[in-house]
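Subject: The structure for you to look at

Hi,

Here is the structure I promised to pass on.

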Amino acid sequence: MMENKEVEKWIGRIGKAKKKWDKYHDLIKTIREYYTNESDRNKQNIFWSSIETLKPFIYFKAPVPYIDRKDKKQNPVADMAVKILERALEWDLSRQDFDGVIKYARNDYLLSGLGLTYEQVNSEIARIQTIDELGNPIEIEAVTKATVDTLYFDPKDFICDCQRVKVWEDVSWVAQKIEMTKREVIEQFGEDIADELIDPAHDKEQDLDNDTCVWRIWDKKDKQILYVSEKVKDKFLRADGDVLGVEGFYPFPKPVFATLSNNGVIPVPDYTEIKCLLDELDGVNDRMSLTMKALKVSGCYDSSMPELANLLAKDV
């Protein structure tokens, strides 16, 4: 019964936060469509050229790891430890598309006003043979491989606490929307939720391939990671503890925000600030185009030179 109330509480919190963030998420869609000129409306896309100019100034290429010691006293062991850490970071960056992920976040910052990535630990567990303290052979489960990957976090899937929040440090929870098929949800979180996910009015096999939404919640206050579906109201899909144990709890640093006042953490994209100028420029271009089409050129020429007749027909 207690879990029911906790699930209801979190579904309620997500619902309230979504209402606060919906306008911003709609704006992201509008900005992306304008930037990529999907409507073919803005023929002279000065916004696109401005963003392309700014991109390399914000982030150009993957960083080169550099580690230095605070204590400058000669210490061969500490110097070797520094080199080992640098080589480890170089290897970690080379085995994944770190550069590409950071560029996704850079683009989001310039367009949407919010850039974010997060770290995910991936582990492989296998049963291995070993011996106990008495020398007897035993079989145990052990982590055989573990990696940390930097992943892209789309701002349109991001919401966070908005109750009594003025600055980022006030945020007590963050949630990520994950689109999954019902089949994937059941495979990942267990068969016992199938009856609540599957719509009895539809064919079971077909409904399993339909999309549903799962919210991953990082609860900083109680240091737990919760998985919630608005279709499963009686229990959490899964509840994990503080698996990373990093400072600040969240698996990501403070997001890169554009314009913010100390009155909330929903950013104002730069597009919003210059939209009136972009609209005015589009209007000027439209009027110029219509004027050019309405112009009629008249003239006369020497009939002894008939080739001049084609001169006025040329698009010059």
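Predicted model: local features only at pLDDT ≥ 70, side-chain atom pairs only at ≥ 80, totals over all residues.

Residues are numbered from 1 along each chain as its sequence is written, and side-chain values use heavy atoms, with hydrogens and water left out.

**The sheet.** Five strands make an open, antiparallel sheet in the order E4-E5-E6-E7-E8. Helices (H or I, at least four residues) and strands (E, at least two) are DSSP runs, numbered from the N terminus; two strands pair if DSSP finds at least two bridges between them. At the edges sit E4 and E8, each pairing on one side only. E6 and E7 run antiparallel and are joined by five bridges.

**Helices on the sheet.** H1 packs on this sheet and touches E4, E5, E6 and E7. H5 lies across E5, E6, E7 and E8, at about 115 degrees to E5 (axes are lines fitted to C-alpha atoms, for helices over the stretch in contact, and angles run from 0 to 180 degrees between N-to-C directions).

Which residues of H5 are buried? They are Lys182, Val185, Ile186 and Phe189, where buried means under 20% relative accessible area, exposed over 50% and partly exposed in between (1.4 Å probe, protein chains only). These four cover an arc of only 95 degrees around the axis, so they sit on the same side of H5; the arc is that of the directions from the helix axis to the C-beta atoms. After H5 comes Gly190, with a positive phi near 115 degrees.

**The core.** The largest nonpolar core has 47 residues, and Trp21, Phe158, Val174, Ile217 and Phe252 touch the most other members. Such a core is a set of buried Ala, Val, Leu, Ile, Met, Phe, Trp, Tyr and Cys residues joined through side-chain atoms within 4.5 Å. H1 gives the largest share, eight residues.

Gln176 lies in strand E5 (residues 173–181) and is buried, with a relative accessible area of 8%. Its side chain makes a polar contact of 2.7 Å with that of Arg216 (a pair of N or O atoms within 3.5 Å; within protein, one must be able to donate a hydrogen and the other to accept it, and residues adjacent in sequence count only if both atoms are side-chain atoms).

Cheers

Note on methods:
Contact = heavy atoms within 4.5 Å.
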